[in-house]
Every structure is written in C-alpha cells, then in structure tokens.
Amino acid sequence: MTITYLKRGREEAAKAADDLGVRRSVEAALADIEARGDVAVREMSQRFDRYTPESFRLSESEIEALVARLSRRELDDIRFAQEQVRAFAKAQRASMTDIEVETLPGVVLGHKHIPVQSVGCYVPGGKFPMVASAHMSVATASVAGVPRIVAATPPFNGEPNPAVIAAMHFGGAHEIYVLGGIQAVGAMALGTETIAPVHMLVGPGNAFVAEAKRQLFGRVGIDLFAGPTETMVIADDTVDAELCATDLLGQAEHGYNSPAVLLTNSRRLAEGTLEEIDRILAILPTAETAGASWRDYGEVILCDSHEEMLATAEEIASEHVQVMTDRDDWYLENMTAYGALFLGPRTNVANGDKVIGTNHTLPTKKAGRYTGGLWVGKFLKTHSYQRVDTDAAAAEIGRYCSRLCMLEGFVGHAEQANLRVRRFGGDNVPYGEAAE
C-alpha cells in the first residue's frame, strides 16, 4: 500500500489552537445571554452585525414586504427547491411507522414517533445568504409536524435578506428573527424576555455557532456537531482535471477553512487537477475565499488502487464525497463513513446543497463514522409504551421480573412485580422474596 500526498493541508495542532479561542469566546457570550437576556442579545447584535431594530422578530407585514421584493423567477426557484426537499422528507417520514406487537399473549409493546415540540432553525449569512439552509431545516421540520418552528438569520448588508426570509416563510416557520451568530442560537436555546426557549437547535453556521451548539447540547437537543464544509472527490481516469478542480473549488468557496481533498489512483489526473485549480483561481470571483481554503486545507492524495482509495476515504470520513469512477456503485456498497455521497460525473455537491432534495446539513470532522445528517427523523422522538392486558400475562411476566430483580438485589423492584403476581396470579409470595 503506497499513499503519496502531492499536496497536504494544515496540521491538526494549528486547528486546535483556533478552536480554543472560539470555545472561550462562546462560553462568555452564552453566560452573558443567560444572565442579561435581551439586553445582552441586543448588544451583541450591534457589536457583530451593527443591527438593532425595534424588534428582531419580523411581523407578517414585514415578511410580506420582503417577499414582494423578489422576482417571479426567484420565487418560483425557491418554491421548486422546497418542493424537492419536502418530497424526499415526506418519503422518509412515510418509512417511519408506529408499531404495536403482542410479544406474548396479553403483553402489548409498541412505539410512537412524536415530533419535537419546538425547534430553533439557524440559517447562516456571513459572506453569502444561505437560502437553501432554510429549506433543509425549516421545511423538513414542518414535514415532521413540529408545532413551533423558530427561524433566525443574520442581517445581510444591514437588512433582512428577502430570499432567506421568503424561504423561511414558505418553509413553515412560525417565528422569524433577524438575528445572527451566538446571540441567535443562545437566545433560542436559553430564552430571553421576548423569545421563548426551544427544545432543539438545528442548522449550520460558522465556528462560533457550531461551538455554541456544542456547549448548549444537553440543555437542548441539536442536529449534529458541525464544522466547516468538507468535500472529497474520489476519481479515476474516467473523468478529467477540469471536472475535479471545478468541484473541489466549488465547495472550497464556502469559507477560508473548508477542506477539499482529491483522492485518485491516476497521477495524470492528480497533476492535471493541481494545474486546473491554479487556472480557475485566476478567474473565479470567489477566489479570495476558495484560494485560502485550498492553500491551507486542500489535499491531493495519490493511491495505488480503488481498495486503497476506499480505505483512505473511510479514514477521512468527509462530509461530501463525490465519486466519479468506473465503479461508482462499488463505492456506494462499500463506503460506511461519510455525510452524503454524490455518484457519477453528472451530479455534484452543489445539487445537494441547493435543490435536488436531500438534506445538506451533514456531519463533519469525521462524525460520519457514527451519525448521518439532518433529516425528517431528527425532528421525531421514538417513544416506547407497554400494556399488559390479561391477568395471566401480568402474573407470568411478574414471576420472571421478581426473580430477576432479586438476582440483582433490587427488593423494591421485585415487590412491584410480586404485587401483581399476588393480585392477578393468586400466588402468596412472601414480602421481599422471589416469586416461584
């Protein structure tokens, strides 16, 4: 097995130093929000976004005015994307059925899928208004049946972004706040004088938003621990360098620290992609951002075989994995650690980000080894229930339960079972002893 790095990214030690500073800033900010509520939120919004309206929550008339600023084509495109997301989420929801089974005569067990009762959906702004993120969180929560959906997004160029607000509104948000960063997630999770707290936080964001969600986890649920966007292209000689370079840089433009990795068994393709990246960066309008990500976090890894590429991809566990080879289905069958797969040269990660219907909030930082991304099931809690319908069943289960409790020394537990054995089975079990 021979793996050659034609280009390497930053070392983990440097990344860890960055994370420590973020962690401390977020900890102080959340403590301030918890202590001072709306006052702290307003101060943070002024400091970070220079935005302090009379109310951060948009009224119905303000939402309607913002939606009216969009063209018919823009509105149609937003609705089309949401239709795709909703259709896939509905199909997923239909696959999750409540069950009830009789495991023994008179013993009925079941489970129900119950929506989380309130969700805070964060839609990031920053350099780009993330319209698609509203579809992924708000519309999917709506399909799940969440009765209170709160959506927050930062101002863009000093005001609410009409397209993002429209997407939140069409998606089914019940409350929309023009509020960004730590102050948005902190206010939704902890609550303030004017914002009731939610039970769960979802949606992507920058390093500060991600860290805030990490620190708030436990007080509220979260979708997943998310870091910067990651992309990996697994390719062989069936595709060309322009395709690989375009798809790598297309995701690198998300931010200054978005890892982009080419994994290939073709030296010709590897070297050609490096040349194409230099060419495209000279003409790409977002080259300042994409170029920084590629310089610091881009990698080109040359392997000997598809088996070696598979093993390397499993170790990296990238958020987005684009497979363009002569055996795409083989990768689909064998890969286990990733956020989402994009198979074949006709598809690309931008499809998944914006319009095709799968959710783009996905695991990063190797989390694809143990979790998938945001989907309709994340908004549903699976709760079990039990019912014993007959005296005979109560006595039979009770006898087993009594003996097993006494085996562990839980006498109080055993008496719960013994009481049923006495009442419904007619057995005179001495107090504190195991049933026969």
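Predicted model: local features only at pLDDT ≥ 70, side-chain atom pairs only at ≥ 80, totals over all residues.
1. The UniProt record, an unreviewed entry, places the feature "binding site" at Thr 229, Gln 251, His 254, His 320, Asp 353, Glu 408 and His 413. These positions are spread over 185 residues of sequence, and in the model they are also spread in space, with up to 56.3 Å between C-alpha atoms.

2. Among the annotated residues, Gln 251 has its place in helix α9, which covers residues 241-252. Gln 251 counts as buried because its relative accessible area is 4%, under the 20% cut-off. Once neighbours within four places in sequence are left aside, Gln 251 is in contact with Thr 229, Thr 231, Ser 258, His 320, Val 349, Ala 350 and Asp 353; of these, Thr 229, His 320 and Asp 353 also carry the "binding site" annotation in the UniProt record.

3. Another annotated residue, His 413, lies in helix α16, residues 411-425, and with a relative accessibility of 42% it counts as partly exposed.

4. Helix α16 also holds Glu 415, which is counted as buried because its relative accessibility is 9%. The side chain of Glu 415 is joined to that of Asn 418 by a polar contact of 2.9 Å. If residues up to four places away in sequence are not counted, Glu 415 touches Arg 422, Pro 430, Tyr 431, Gly 432 and Glu 433.

5. The largest nonpolar core has 68 residues, and those with the most contacts inside it are Val 119, Met 168, Leu 179, Leu 201 and Phe 379. Helix α7, residues 181-190, supplies the largest share of this core, namely seven residues. Apart from this core lies another, of 21 residues, which includes Val 239, Ala 241, Ile 280 and Trp 294.

6. Phe 379, one of the residues with the most contacts inside the largest core, touches Ile 114, Pro 115, Val 116, Val 119, Ser 137, Thr 140, Ala 141, Ala 144, Val 146, Met 200, Val 202 and Leu 374, where residues up to four places away in sequence are not counted.

7. In helix α3, residues 60-67, the residues Ile 63, Leu 66 and Val 67 are buried. Viewed down the axis of α3, the buried residues fall within an arc of 100°, and therefore they line one face of the helix. These buried residues pack against α4 (72-94), α6 (162-171) and β6 (175-178), whereas the face of α3 turned away from the buried side carries the exposed residues Ser 61 and Glu 64.

Technical notes. Residues numbered from 1 in each chain as written. Heavy atoms only, no water. UniProt positions renumbered as here; feature names shortened; annotations may be inferred. Helix = DSSP H or I, 4+ residues; strand = E, 2+ residues; numbered from the N terminus. Buried < 20%, exposed > 50% of the residue type's maximum accessible area, 1.4 Å probe, protein only. Contact = heavy atoms within 4.5 Å. Core = buried A, V, L, I, M, F, W, Y, C linked by side-chain atoms within 4.5 Å. Arc of directions from axis to C-beta. Polar contact = N/O pair within 3.5 Å; in protein donor to acceptor, adjacent residues only side chain to side chain.
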